[in-house]
Amino acid sequence: MRILARARALYRSVMRRKQVERDLEDELGSALQELTERYESRGLSPDAARRAAQSDVGHIDLIKEEVRSYGLAHTFDTLWQDIRQAFRGLVRTPAVGAVIVLIFAGGVGSATAIFSLVNSLLLEPLPYRSADRLVFVWQDLTAAGYPRAPLAGPELEDLRQHGTLFSGLAGIWANTVALTDGPEPELLRSGLVTQDFFEVLGAEAMLGRTFRAGDDGPETPPAILLSHAVWKRRYNSDPRLVGARIRVNGRPTTVVGIMPESFALLLPQDAAIPDDQQAWVLLGRDALTWPRQQQFLRVVGRMKPGVELADAQREVAAIGEQVGREYSDYGKDGAKFYAVGLQADATREIRPALLGLFAAVCLLLLIACVNVAGLLITRASSRHHDTAVRIAVGASRLRLFRQCLAEGLILSAIGGCLGLLVARAMLAALVSVRPPALARIDGTVLDMRVFSFAAVLAIAWGVMFALAPLTQLVRTTVLSVLRGGGRGTAGPAGSRVRSGLVVFQVAISSVLLITSGLLAKGFYELQRTKYGFDPEHVVTFKLSLAGSRLRGAAPIAAFSTELRHRLAAIPGVTAVGATSHLPFDTVPNWGSPYLAAHESDETRAGLADARSITPGYFETVAAELMEGRWFTDADAYNSLPVTIVDTMLASRLWPTESAIGKQVKAGPATTGRPDVTLTVVGVVRHIRHREVTRDVREQIYFPAQQSLRNPMAYVIRTTTDGADVMVSVRSVIAKLDPTLPIYDARPLESYAAHARATRGFTMVLALAFAASALILATIGIYGVTAYNAAQRRSEFGVRYALGAQPRQVAGLVLRNAVLLAAVGVAIGSFAASVAAQLIRVQLYHVGPSYLPAYAIGAATVLVAAVLAAWIPARRAARISPIESLRAN
Amino acid sequence: MAFRSTELLKGTVDLLILRTLELGPRHGVAIADRIAQITRNTFVIKPGSLFPALHRLEADGFILGEWGETPEGRRARVYTLSAAGKKQLGIEKRNWERISVAMGQVLEAE
């Protein structure tokens, strides 16, 4: 029952302090009385007895003091005194306190915000059952320029048959389905999956179930699984929807289940499977027997319990080798399969960026730490005299240390709370400006791990704050300070270290400023880049004919032509066309092998991005015709198969002659084989549609009538406001067929903007870092200059006494600061030129030695340095010579 | 060295107080009297070290102090050994025995 007894004692000592003190007094009084009486009974006189008793008991106040120090009350008491003292100290110099708290909040806040991203993207396991057993299988078609390619249906079958280490292997293919029930037809981003996909992934339905064996039977009606968002929006969260029939692509389809709201498909970004799919349907069983040249399946595998990733990888590679030997077609020669851990691969692209960001934030945090410590040291040395006096009158060093600690912890508590607010705000800001490729950061939350991170950071920093002034405290010897007239005792070594730190900070902020200047210039260039088309004044929308009454090439061609003519008749429309793939869109790519017609060796085939386009498409997006002609309505489904190739393809196949009239074999019917011979009628300048900064792969274009694709994206060039035109477009289409779903109505420019967004994001981040580094460096310069100026007070006094002008003295202070800044800028500029080489790939159309960026960066830092030194310089100019000398 | 010997002494005072209270509740002066009597005045604990020790032991929860009356009818704080105190006494006794055995060995060694 010791705890109870202790608690009681604690209660007494804390809550009933007065009572305890009175008890002690009474007790000692009564003991004194007893002893006095005892001495009297031994025959002493009352006076002598009292004196003897008193000498036995001793000094009552000392006893009381000693007893007091046992109680926690005492500890709280002095702690409270320390805190009050610390507060008084802070209030005495509020500007310094405020600056420290702000730096602290900014530092902890940004580090916490970035850490929360690291936490949710890299540390948290993927939200699937035993996610560490999931692997993703790629096919390496590097020979065909495709190192991370999907698999063909039969290849998934190979893996399933020969794989022994997997409890399941499933495939998914991104596509769209049209919901054709109700008045508003709608197209959904959907996944076509094998029946065991969700089981392998380890995800459950929220309502109903996921797919199961038998759902893909020939007799059963097709099944669909809907996302929570679609269920909520389109069906008002009606639980009766599960088991009901809806019309999908014009066919009655059973809704088997609704996925939970939190479900997202987190596959590798370049697998072209969107995170936010809206529906899942089953891949037909025959898909697994489609030709081996049609690679479209993304494969997820679940390892059996206890299987090592390395073993699974070996098995997958062995199966791939087998396949490569048995079917050595074009591009397939030496094909390899490889499996990677799903989590590692899903975050493959973002991990280096995120860790880099985290490292940068930690570096800033470190600089901020150094600065704050510098400010505190400066202040501690200005309180030197004060401290020495307190030591002289008997304050223990422990007590002084506790006060420093209290001060540090107060600052870190306030700064830490503000820091969490800053972290929340920064996270919200990051999420709102994030590029589409970083959609996964949307779900980031500040959870317990993040809070602990912030708390540890705050406390560590607080303790460091406490220790920094202590370096001064330890050196304080009462005599030297009191005799030395209150000047600090920090030697030249200390001030050299501080100067070094400032130079370091200035250098870092110069590097960041210069490189972000280069990035900004590159981004500006990027915005002015021609991508081979002109996205301005073009609106786009997509239209799906799935589920419409149109069947067969002739009616679809007729409908398309009719639609284009009607759209062209809308006032303000200057050109109309359609394509299977808009530039920079995220729909799954369509690649077609191609081969010069006279070539029979299929291993020499190239792989081109294939696009199906209507007449008018190139004209609308203002592509550049290099040779020959565009497609016309005469290039019909039953006329001579023709093609337009891009400059890359033309120069690869016919480097020295004109491509026009040449023949090429390709696969416009999506069989995956170059089995149709086409005549080249035109050469178009390569259109960038994958990356904004470089030409990625050859392109081959087929007339839409000769290569049917659905859905098609329409492009309309307008002279008036795009939004007005879209209203007319909708009414035109509704008149033709009100059941057709129109979706993704947006300007073509927005696709290009999305493609640029990642670089824009990088630039904004770099600028933000540069700005914060500059602020920190400014504070650093201020701190050092102010400290040095204070140290030289009496020297300045002597100078004044000898006739120096205030301007000259201020000049001395300024010169010092500018000198430090200049050294920092020089080092920083050199480091920036090295850094610029390292980030060369990020620089678009800007040389790493683009001088204006260096000049502006250096000038900015120098101006900031002068401004920072201005305050102490002015203070030095106002020193009264008499006072500064008298202070000695 | 000075520091260590006070530590040792402090421990001794604690042990003496706890042992005395094991025999029954007593007030401060009576505790000192009893110790002096048993040790035949080898240990005379002055109130100046007795009362702080009592309050420290109370803060540790080893003894409980209550206002009561002495056999002579005087008002005084009477201390009782708590359960935790009994346990602590056992520990200190064993400690002491170990020390005294060890000391004995040192002193008897040739």
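Biologist: What should I know about the conventions before reading the contacts?

Modeller: The model is predicted, local features need pLDDT of at least 70, side-chain atom pairs count only at pLDDT 80 or more, and totals for chains, interfaces and linings use all residues. Residues are numbered from 1 along each chain as its sequence is written, chains are lettered from A and ligands numbered from 1 in the order in which they are written, and side-chain values use heavy atoms, with hydrogens and water left out.

Biologist: Is Asp635(A), which pairs with Arg629(A), buried or exposed?

Modeller: Asp635(A) counts as buried at 6% relative accessibility, whereas Arg629(A), at 31%, counts as partly exposed; buried means under 20% relative accessible area, exposed over 50%, and partly exposed in between (1.4 Å probe, protein chains only). Their N to O distance is 3.0 Å.

Biologist: Which residues form salt bridges with Glu22(B)?

Modeller: Arg19(B) meets Glu22(B) at 2.7 Å, N to O, and both lie in helix 1 (residues 2–22) of chain B, 3 residues apart, about one turn of the helix, where helices (H or I, at least four residues) are DSSP runs numbered from the N terminus. Lys93(B) also forms a salt bridge with Glu22(B), the closest N and O atoms being 3.6 Å apart. Lys93(B) lies in helix 4 (residues 83–108) of chain B and Glu22(B) in helix 1, so this pair ties together parts 71 residues apart in sequence.

Key. A salt bridge is a side-chain nitrogen of Lys or Arg within 4 Å of a carboxyl oxygen of Asp or Glu. Helices (H or I, at least four residues) and strands (E, at least two) are DSSP runs, numbered from the N terminus.
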